[in-house]
Amino acid sequence: MLSLFTPTFGLCRDDASNNASGGLFIQVQNGVEAKLNVEGSVTLNSNGIGIFTNISPNSNVEINVETGATLETCGNSQYDIYGNVFSAATLTFSGDGYTCDNVSFPTNAGTIVEPVCQACPTA
């Protein structure tokens with residue numbers, strides 16, 4: 001059973017780039033339903049990993065790039081978007097403002113709706 005507590009976060013930080021590890025880490029505990037709304041222009045470039053997710057079993061997470069917003073995760077040394085989604089968990093990327101090249105979910109025991117990415121700009 002999912003928790004009745006459903007947090008909604010609005011991501012509005014302009015830039016979280018040039019970090020050795022990650023630009024944004026999203027960890028959701030067992031049985032939680034969460035939604036992250038991206039508003040404005042968010043840049044998570046030149047990190048180890050742009051966005052890292054760790055979604056525990058029996059959880060549902062939606063990352064939504066709202067109309068007119070952008071979420072750019074380009075030029076990261078390992079992955080632009082990477083994560084673990086465990087059994088009976090769902091991770092959904094919605095909206096169409098993603099810019100990324102390298103997306104990977106190696107622990108694919110859960111359900112993942114990957115982002116539809118525009119290609120990263122070339123240097």
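Modeller: Strand β10 (residues 98-100) and β13 run parallel and are joined by two bridges. Strands here are DSSP runs of E of at least two residues, numbered from the N terminus, and two strands pair if DSSP finds at least two bridges between them. This is a predicted model, in which local features need pLDDT of at least 70 and side-chain atom pairs count only at pLDDT 80 or more, whereas totals for chains, interfaces and linings use all residues. Residues are numbered from 1 along each chain as its sequence is written, and side-chain values use heavy atoms, leaving out hydrogens and water.

Biologist: Which residue stands opposite tyrosine 98 in β13?

Modeller: That is cysteine 117.

Biologist: What is the order of the strands in the open sheet?

Modeller: The order is β4-β7-β10-β13, four strands with parallel pairing. At the edges lie β4 (41-43) and β13 (117-118), each of which pairs on one side only.

Biologist: How many helices and strands does the protein chain have?

Modeller: The protein chain has 13 strands and zero helices; a helix would be a DSSP run of H or I of at least four residues.

Biologist: Turning to the rings, how many aromatic pairs does the structure hold?

Modeller: There are five aromatic pairs. Rings of Phe, Tyr and Trp (its six-membered ring) pair if their centres lie within 6.5 Å; planes under 30 degrees apart count as stacked, over 60 as edge-to-face and the rest as tilted. One of the pairs is phenylalanine 52 with tyrosine 82, which is stacked because the ring centres are 5.6 Å apart and the planes are at 25°. This pair links distant parts of the chain, 30 residues apart: phenylalanine 52 is in strand β5 (residues 49-55) and tyrosine 82 in strand β8 (residues 79-85).

Biologist: Why is the pair of tyrosine 79 and tyrosine 82 stacked?

Modeller: The centres of these two rings are 4.6 Å apart and their planes are at 25°, so the pair of tyrosine 79 and tyrosine 82 is stacked. Phe25, Phe52, Tyr79 and Tyr82 form one aromatic cluster.

Biologist: Is tyrosine 82 buried or exposed?

Modeller: Tyrosine 82 counts as buried, at 18% relative accessibility, since buried means under 20% relative accessible area, exposed over 50% and partly exposed in between (1.4 Å probe, protein chains only). Phenylalanine 52 is buried too, while tyrosine 79 is partly exposed at 26%.

Biologist: What share of the whole chain is buried?

Modeller: Buried residues make up 46% of the 123 residues.
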